[in-house]
Every structure is written in structure tokens, then in C-alpha cells.
Amino acid sequence: MLRSQTKLMDLGRRLCRSIGNNNGSNLTMVEVDDKTGIATLTLNKPPVNSCNLELLLDLNESIKQIERNGSRGLILTSSNDKVFSSGLDLNELHQPNQDRLIAFWRALQDMWLSLFLSRVPTAAAINGHAIAVGCVLATACEYRVMLPGFSIGIHATKFGYVVPPFILISYLSVLPRYIAERALLQGKLFSIDEALHVNLIDEVADGKSDAIIKCAKFIGSFAKTQPDARALTKRQTRAQDVQLLIKDPEGQLRESLEYINTPFFQQGLEVYLAKLKSKSKE
Ligand SMILES: CC/C=C\CCC/C=C/C(=O)SCCNC(=O)CCNC(=O)[C@H](O)C(C)(C)COP(=O)(O)OP(=O)(O)OC[C@H]1O[C@@H](n2cnc3c(N)ncnc32)[C@H](O)[C@@H]1OP(=O)(O)O
């Protein structure tokens with residue numbers, strides 16, 4: 001066996017130090033590999049990592065903590081071996097309490113900015129379905145490794161949602177415009193082969209630990225760069241993508257809230273939620 005292969009296998013076996021995220025919740029878990037300094041951030045909200053207000057706040061706190069503690073990189077993954085994330089928790093959008101909806105949407109915008117602009121190298125080990133905002137979490141990262149047998153994509157138009165600009169941007173940041181446009185208009189969920197073909201994902205892995213090793217290898221590719229120069233260059237490269245959200249977060253929030261509160265949106269959501277519930281009872 002090649003020495004580099006042995007080294008990578010050691011990486012997979014290495015003990016990690018759990019650093020939690022200060023707020024005592026287990027919705028996300030952070031473990032730092034003592035030898036590589038890379039943090040694994042695990043989504044841990046059963047049953048399917050749907051992003052409710054608490055998960056978004058927790059995730060944002062964990063991303064910031066990973067930056068604060070000087071980790072060399074961030075690998076985002078899931079504790080569920082079938083679902084990376086099922087996207088937004090639809091119960092947050094259905095007949096919402098307005099104060100909670102405002103807090104929820106703000107938390108979504110803030111978390112996305114934190115992940116998209118994170119100063120450390122980021123990679124997603126996608127070990128299950130990554131649906132809608134589940135896909136957005138993965139595309140906010142710099143690199144994606146996925147396991148076969150799962151779907152990834154934004155299928156919002158299939159159930160009557162018009163995606164807000166930052167969700168559109170997260171797709172456009174990894175896909176050529178014509179592919180992003182077609183996929184969004186079709187509400188397409190990509191199989192692993194399709195995702196690899198259009199570069200929505202970078203690599204396929206044959207298990208979660210293999211995915212984590214591949215993500216760590218990607219993060220290791222920045223070992224010889226100067227962290228501040230890398231972070232600022234990333235920020236500059238992504239500056240245009242985040243302009244709207246940074247310049248006018250409250251305007252973006254208002255537009256989304258207006259749309260979510262329309263009878264059209266609420267009726268469509270009611271039908272979709274009923275279908276989801278009946279499917280899970282089958
Ligand atoms: C201004 C802009 C407005 C809107 C935003 C537009 C962009 C939208 C972004 C989003 O992210 S919307 C969320 C879209 N996500 C989905 O549609 C995913 C739906 N879920 C599934 O397809 C499946 O659950 C699955 C992820 C493939 C997993 O399947 P599995 O068979 O493993 O689980 P099951 O379906 O039985 O689900 C278990 C349990 O969880 C509930 N559930 C699933 N997803 C969600 C969700 N996103 N929100 C809330 N609840 C969800 C499901 O109903 C089951 O609940 P039950 O056991 O109580 O019946």
C-alpha cells in the first residue's frame with residue numbers, strides 16, 4: 001500500500017476531541033481532529049435534520065466557534081445515515097407565528113452567510129439525501145463528496161415555491177447558469193451520477209468515513225497557503241454573491257415573509273405537508 005494511502009486511513013481512525021458548541025444542545029456536534037486540526041460539524045436533529053429555528057441558530061454558533069477555535073477546516077456531515085438534511089422545517093413556514101417566522105428567516109440568512117463566507121476551508125460529506133436547503137448547505141461549502149443512492153437538489157418549483165435570491169445564488173455558485181436555471185425550473189433532484197456529471201458534487205465516496213477522508217484531503221490541499229490571504233481571497237471571490245443579503249438583509253427578509261404569508265403559498269404548503277405525512281405513514 002502506498003504511504004499516502006496509509007496516512008489517509010490513519011486519518012480516518014484518529015481520535016477526535018468533542019468541543020460541543022457552548023449552548024448545551026446536541027442539534028449539532030463539533031469534533032476536532034487533534035492531529036489535523038480539522039473540525040467535523042455533524043447535523044444531529046432527528047429524524048431528518050429539517051432546519052428549524054433552533055437548528056439554524058445552533059449551526060451558526062457551531063460555524064462561528066469552529067472559526068474562533070482556530071480549526072484548519074470544517075467538514076459538514078450528518079448523524080443520520082440516510083438524510084444529510086431534508087431542508088427547511090416546513091412546520092416553521094406553515095401558519096407561522098410572525099415573531100418566530102422573523103427570527104427563523106433571519107437565522108437562515110445569517111447561517112447561510114456564515115457558512116458561505118467562512119474563513120476556514122469548508123467541505124460537505126453528504127452521507128444522505130440533501131434536499132432544498134439541505135442542498136444549499138452543501139453548495140455553501142467549497143467541496144462536496146457524496147455517497148451513492150441518494151438525491152441532491154432544489155425541487156421548490158414542484159411544490160409552488162419561488163426560491164429567494166440567496167438560494168438561487170448558492171446554486172449558481174457551483175453550477176453553470178443554464179444548468180442551474182433548467183434544474184430549478186424542473187424542480188430537479190439529481191442522482192449521484194447526474195450530480196457528478198454537472199459538478200454539483202466533486203467526488204463520490206463509498207461510505208461516510210471515506211467521504212470524510214476525501215473532504216480532509218481537499219482541506220489539506222490548502223496547507224501551504226497563508227490562512228488570512230486565503231480567507232480574504234475567498235471573501236473577495238464570493239463578494240458579489242452576498243452583496244444583496246449583506247446590503248439589505250431586512251429587505252430580503254421582508255420580501256420572503258410577504259411571500260410566505262400569501263394564501264397561495266400557505267395553501268400549497270398545506271397540500272405538500274399532508275402528502276409528506278401520509279407518505280411517512282405508508
Ligand atoms: C420565500 C421563500 C419561501 C420558501 C422557501 C423556498 C425554498 C425551500 C427550501 C426548503 O428547504 S423547503 C423543504 C423542502 N424539503 C422537502 O421537501 C423534503 C421532504 N422530505 C422528504 O422528501 C423525506 O422526508 C426525506 C428527506 C427523503 C426522508 O425520507 P424518509 O423516508 O427517511 O423520512 P420521512 O419522509 O418518513 O420523514 C420523517 C418525518 O420527518 C418529516 N419531515 C420530512 N421532511 C420534513 C421537512 N422538510 N419539514 C418538516 N418535516 C419533515 C416527515 O413528515 C415525517 O414526519 P412524521 O414521522 O411525523 O410523519
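Me: Among contacts in the protein chain between residues at least 6 apart in sequence, what share joins residues at least 24 apart?
Reply: Good place to start! This is a predicted model, and a contact here means two C-beta atoms within 7 Å. Taking the contacts between residues at least 6 apart in sequence, the share that joins residues at least 24 apart is 74%.

Me: How does the radius of gyration sit against the globule rule for 282 residues?
Reply: The protein chain has 11 helices and 11 strands. For 282 residues the globule rule gives 19 Å, and the chain comes close to that, so it is as compact as a globular protein of that length. Its radius of gyration is 18 Å.

Me: What percentage of the protein chain is buried?
Reply: To count as buried, a residue needs 20 or more other C-beta atoms within 10 Å of its own. In helix α8, for example, the buried residues include Ala 211, Lys 214 and Phe 218. Over the 282 residues of the protein chain, the buried part is 39%.

Me: How far does helix α8 reach from its first C-alpha to its last?
Reply: Helix α8 covers residues 208–220, which is 13 residues. At 1.5 Å a residue, the expected reach is 18 Å. The model comes close to that, with a reach of 18 Å.

Me: Which helix gives the most to the shell around the ligand?
Reply: Let's look around the ligand, which 27 residues surround, Ser 280 being one of the closest. These divide into 16 nonpolar, 7 polar and 4 charged. β7, α10 and α11 each supply at least two residues. With 4 residues, the one that gives the most is α11.

Key
Residues are numbered from 1 along each chain as its sequence is written. This is a predicted model: local features need pLDDT of at least 70, side-chain atom pairs count only at pLDDT 80 or more; totals for chains, interfaces and linings use all residues. A residue is near a molecule or strand if its C-beta atom, placed from the backbone, lies within 6 Å of it. Ala, Val, Leu, Ile, Met, Phe, Trp, Tyr, Cys and Pro count as nonpolar, Asp, Glu, Lys and Arg as charged, and the others, Gly among them, as polar. The radius of gyration is taken over C-alpha atoms; the globule rule is 2.2 Å times the number of residues to the power 0.38. A residue is buried if 20 or more other C-beta atoms lie within 10 Å of its own, exposed if 12 or fewer, and partly exposed in between; C-beta atoms are placed from the backbone. The expected span of a helix is 1.5 Å times one less than its number of residues.
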